[in-house]
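This briefing goes through one structure by topic, for reading alongside the sequence and the coordinates.

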Amino acid sequence: MLHYPVPSLKVLKISYPRPTSQGGVEERDLHSGQQYTYLLDLELG
Amino acid sequence: MIKQKLADGKVANLPPLGDLDDATIDSCLHIVALMGPEPYFAALEAGADIIIGGRTSDPAVIAAFALWKGAPAGPSWHAGKIAECGGQSTTANTGQRGLLIEIHKDGFDAQPPHPDFKANVEGISAHLLYENKSPWRLTEPGGELDVTACEYVQLTDSTVRVTGSVWNPKPYTMKIEGASAGQFQTLLIVGIADPQVLAEPEVFHDHMLMRLKERVKSAIGLDESEFTISLRMAGYNGLSGRTPPPGSKPLEIGLMGVFTAKTQALANEIAKACNPYFFHMPIRLGIEASSYGWAFTAGGLDRGPVYQFVLNHVVSVDDPLELVRTTFIDVAAQQ
């Protein structure tokens with residue numbers, strides 16, 4: 001998981017690879033559209 | 001062609017995928033390489049009025065004309081990136097999108113053409129976060145755009161001026177994309193409100209999965225390498241696939257069974273064999289059978305082929321046009 005703070009925008013960008021190949025047999029979120037929800041409760045210090 | 005490149009040591013992997021192999025190349029229905037602006041230069045040089053391009057980096061399509069005309073690389077590429085989604089980086093609403101870019105020797109100006117909307121520093125600078133791993137660097141065919149030193153100024157109330165964009169040329173590589181097929185899926189979906197299942201969804205899941213696999217092996221005679229069963233519990237962890245926080249109890253579970261095999265007919269047969277268990281299996285042996293909630297009959301839904309992206313690799317080329325084919329059509333002459 002990579003963290004990129006962007007102070008001028010008051011943004012923290014978090015990038016991480018998808019757990020499975022896109023469109024594969026185990027696909028649960030094809031466009032990774034709901035991944036952001038797992039970060040909503042992260043407390044930023 | 002890709003196999004030759006692989007043999008010549010000209011294919012590199014992008015993590016998290018590992019090295020490419022011939023079997024993966026063979027499994028692809030189709031492989032495309034992402035073009036940079038150079039094929040567009042060549043088409044413009046040859047006098048094209050309209051260019052229809054195949055798979056290309058979005059910023060490259062927009063930057064191509066400016067770069068061809070000799071505009072500075074850093075501002076041109078940066079402008080191409082900002083404009084790739086039209087007015088998304090401005091205050092425009094969906095459906096009223098567009099962006100006017102003016103490239104100068106030291107930078108570029110961005111402004112929505114519609115008088116009701118505005119470009120602001122926050123929107124324009126935030127666009128580098130979009131569809132990109134890093135907010136500061138963007139890898140493109142032939143180099144990297146570095147915006148670390150950029151300054152964004154609100155020039156007028158609707159125009160932003162950007163300076164400091166840097167283009168770092170690198171050895172030319174093209175990202176390749178390919179999808180494999182060859183598997184098919186059938187679905188079964190039931191709703192469950194049984195409180196014993198809701199109290200221990202993962203116990204239910206594991207028991208159901210085990211029973212279904214045994215059923216397929218005994219009823220159809222397949223071994224485990226010939227089929228896949230994936231159970232998704234919508235309302236509990238269907239999206240994440242992970243165990244939710246302790247004490248999470250769903251109101252209902254939408255249980256979706258995804259049955260995968262190498263033909264649609266076989267996937268259907270597997271789902272059909274599983275149907276009675278999917279319909280009735282209680283959370284553990286020895287308690288009364290349930291009847292879960294179907295929305296319709298018959299239960300099996302042909303989901304169709306599985307198309308899966310299997311490449312996340314780059315290929316080195318000696319010339320940006322090495323893998324590109326261009327066809328010229330004189331529309332007037334054809335009529």
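The model is predicted. Chain B contains ten helices and 16 strands, while chain A has zero helices and two strands. Chain B is more spread out than a compact globule, because its radius of gyration of 27 Å is well over the 20 Å that the globule rule gives for 335 residues.

**Chain B overall**

- The C-alpha trace of chain B spans about 80 × 50 × 45 Å along its principal axes.
- Of the 335 residues in chain B, 43% are buried.
- Chain B has an accessible surface of about 17,600 Å², and carbon and sulfur atoms account for 54% of that area.
- Among contacts in chain B with a separation of 6 or more, 67% are between residues 24 or more positions apart.

**Chain A overall**

- For chain A, the C-alpha trace spans about 40 × 20 × 15 Å along its principal axes.
- Buried residues are 27% of the 45 residues in chain A.
- The accessible surface of chain A is about 3,400 Å², with 58% of it on carbon and sulfur atoms.
- In chain A, residues 24 or more positions apart make up 10% of the contacts with a separation of 6 or more.

**The hairpin of chain A**

- Strand S1 (residues 2-6) and strand S2 (residues 11-15) of chain A run antiparallel and are joined by five bridges.
- Leu2(A) has Ser15(A) in S2(A) as its bridge partner.
- Four residues lie between the strands of the hairpin formed by S1(A) and S2(A), and Lys10(A) in this hairpin has a positive phi near 50°.

**A three-stranded sheet in chain B**

- Strands S5, S6 and S9 of chain B make an open sheet in the order S5-S6-S9, with antiparallel pairing.
- Strand S5 (137-140) and strand S9 (166-169) of chain B each have a single partner strand, so each stands at an edge with one side left without a neighbour in the sheet.
- On average, neighbouring strands in this sheet are turned by 20° against each other, direction ignored.
- Helix H5 (residues 73-83) of chain B packs on the sheet and touches S5, S6 and S9 of chain B. The direction of H5 makes about 105° with that of S9(B).
- Strand S6 (residues 143-146) of chain B is joined to S9(B) by four bridges, and the two run antiparallel.
- Opposite Glu144(B) stands Asn168(B) in S9(B).

**Nonpolar cores**

- The largest nonpolar core holds 29 residues. Phe204(B), Ile229(B), Leu255(B), Phe259(B) and Ile270(B) have the most contacts inside this core.
- Elements of chain B that give two or more residues to this core are strands S11 (184-192), S12 (228-234) and S13 (253-261), together with helices H7 (195-199), H8 (201-220) and H9 (264-280).
- H9(B) supplies six residues, the largest share of this core.
- Leaving out residues up to four places away in sequence, Ile270(B) touches Val216(B), Ile220(B), Leu222(B), Phe227(B), Phe259(B) and Ala261(B).
- Another core, of 20 residues, lies apart from the largest one and includes Trp77(B), Ala83(B), Val162(B) and Trp167(B).

**Helices H3 and H4 of chain B**

- In H3(B), the buried residues are Glu38(B), Pro39(B), Tyr40(B), Ala43(B) and Leu44(B). H4 of chain B is included in what covers them.
- In helix H4 (residues 58-68) of chain B, the buried residues are Pro59(B), Ala60(B), Ala63(B), Ala64(B), Ala66(B) and Leu67(B). The cover over the buried residues of H4(B) includes helix H3 (38-45), H5, strand S3 (100-103) and S5 of chain B.
- An α-helix has 3.6 residues a turn, so residues three or four places apart point the same way.
- Gly70(B), which follows H4(B), has a positive phi near 95°.

**Gln4 of chain B**

- Gln4(B) lies in helix H1 (residues 2-7) of chain B.
- Gln4(B) has a relative accessible area of 47%, and it is therefore partly exposed.
- Gln4(B) and Asp22(B) are 18 residues apart along the chain, and their C-alpha atoms are separated by 9.8 Å.

Notes
Residues are numbered from 1 along each chain as its sequence is written. Chains are lettered from A and ligands numbered from 1 in the order in which they are written. This is a predicted model: local features need pLDDT of at least 70, side-chain atom pairs count only at pLDDT 80 or more; totals for chains, interfaces and linings use all residues. Side-chain values use heavy atoms; hydrogens and water are left out. Two strands pair if DSSP finds at least two bridges between them. Axes are lines fitted to C-alpha atoms, for helices over the stretch in contact, and angles run from 0 to 180 degrees between N-to-C directions. Contact means heavy atoms within 4.5 Å. The radius of gyration is taken over C-alpha atoms; the globule rule is 2.2 Å times the number of residues to the power 0.38. Buried means under 20% relative accessible area, exposed over 50%, partly exposed in between (1.4 Å probe, protein chains only). Accessible areas come from the Shrake-Rupley method with a 1.4 Å probe; for residues, only the protein chains shown count as cover. A nonpolar core is a set of buried Ala, Val, Leu, Ile, Met, Phe, Trp, Tyr and Cys residues joined through side-chain atoms within 4.5 Å.
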